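I opened the model today to look up a few contacts. My notes follow.

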Amino acid sequence: MTGAPQQAELLVTNGLVVTVDAERRILTDGAIAVGGGRILAVGPNAEVASAWQAPETIDARDHLVLPGLVDSHTHLTQGQRGMVPDEVGAMEFLMRWSLPMFVALSPEEEHLFARLICAEHLKTGTTTVAEGGSVKHLDAVVAAIEEVGLRANLGRLTWDNPMLWEQMNPRLAAAKMDTDEALSAAADAVDRWSGALDGKISMWVHMVGGGSATPQLQRDAKAFADQRGIGVSQHEASDEGYAQRIFKMSGRRPVELLAELGVLGPNQRLVHANSLSEDEVRLIVESETKIVSAPTGAWKLALGMAATGKVPELLDAGALVCLASDSCNSSNTSDMVRIMQIAAGVWRDIRQDPSAVTVTEAIEMATLNGAKSLLMEDEIGSIEVGKKADLALFDTRRLEWAPMIDPLANLVFSATGQSVDTVLVDGRVVLRDGEILGIDEEALIAELAAIDWAERIDHWTGLRRPPSPWPLV
Ligand SMILES: [Zn+2]
């Protein structure tokens, strides 16, 4: 390399760089030059170090450098971890606990819980989250995202068919919307927040889904998303019981019904999809509809993912499958490294096939596939020149990483997100030496500890957690 070095803002040097680029290169001694929020160069350390200079260098020796993880579906305001009793099933979780709580949260509470969930994501290597549309007070949640420093895809809580749910829990009546109101709430949010925080916020139509939208809203939402060049995301086919209810009402399984409505497509994301027929797999593949799998939520709520889900078959057929934590009450963790492990493990076991989901597929699902599911693969999801500099650095000087015979297997099967010590979003260091720079973590934990939880839970839901099965002495 000849000539004067070019100027970057920051260099990451000496790292084991897992690029997830088109060739899936792993640079055993790699470096990344960062400037203007983007990756300016990535390559062998000696090459990048001689061609680029910068006022700041992060020495990534003994670190695995990964594209920032993408949590493709979470609920940022479900920070009341443990509110829902552990043995509650999906319908009770949704109708009696979760949805009434969403409807009742104040802006201050949404801000507090979003800070917790964003912070947990950042500390475990996730740089982009897709919110499930559960937010009422978007400005409070955007403020939390800004403070912690994440990238996020958001939307307004959207539904127009809450009649059945009102009968099941009158507390949901306060969130009733007709089709026009639902669509205009979603559109207003898109207009107001798209591109906020220097482009770190993208806005979609996030519907509650699961039968909560009329055919009209399904069609209108998809048409609106098509017109704006964005996408629609919704919970669908979460379990076989739900699929059967839809079949009873319509004579179609959930994905068949969406196909009939003409709303499948590359900008439609179905979250959960834990119960699919072979015909529904075909419809998903043909339409290039994206699937968001949330294994920790599925197994805690006993959704039967391993019994009736089709992730290996979807992957084999070329469908896009990405991974999600789904929230702190259905899954109780936001650690996408743990979720990669479960995604790689559960399908091997149930199919009795060690290649059912490979280690590299698990990593792709938590990085590049997440980006693709949000139509953001030109911006994030891999470490390539021109993409946003969203990076997670894992400290491999830890017992669970030793020895480094197979770093990718260590990442998926041995590590957790706890070994992340440095995170960049948009080229800016937001986690350094394990410390979040944007918020006071200890103060946040103290604020959560000071809450009278029984009083708050009663206020939101009218319910009381059952007593501990073991005596509190
Ligand atoms: Zn969800």
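I started with A273, and I find that A273 touches E236, A237 and I291, leaving out residues up to four places away in sequence. Contact here means heavy atoms within 4.5 Å. The model is predicted: local features need pLDDT of at least 70, side-chain atom pairs count only at pLDDT 80 or more, and totals for chains, interfaces and linings use all residues. Residues are numbered from 1 along each chain as its sequence is written, and side-chain values use heavy atoms, with hydrogens and water left out.

A273 sits in the loop between β14 (268–272) and α10 (278–287). Helices (H or I, at least four residues) and strands (E, at least two) are DSSP runs, numbered from the N terminus. Is A273 buried or exposed? A273 is buried, at a relative accessible area of 5%. Buried means under 20% relative accessible area, exposed over 50%, partly exposed in between (1.4 Å probe, protein chains only). From A273 to A237 I get 4.6 Å, C-alpha to C-alpha, across 36 residues of sequence.

Next, the helices. α2 (residues 90–104) and α19 (residues 453–461) pack at an angle of about 90°, their axes 7 Å apart. Axes are lines fitted to C-alpha atoms, for helices over the stretch in contact, and angles run from 0 to 180 degrees between N-to-C directions. α2 and α19 are therefore roughly perpendicular (65 to 115 degrees). On α2, the contact uses R96, W97, P100, M101 and A104; on α19, I457, H459, W460 and T461.

Last, I checked F394. Among the residues that F394 touches are D62, H63, W401 and V420.

How values were computed
Parallel < 35°, antiparallel > 145°, perpendicular 65-115°, else oblique.
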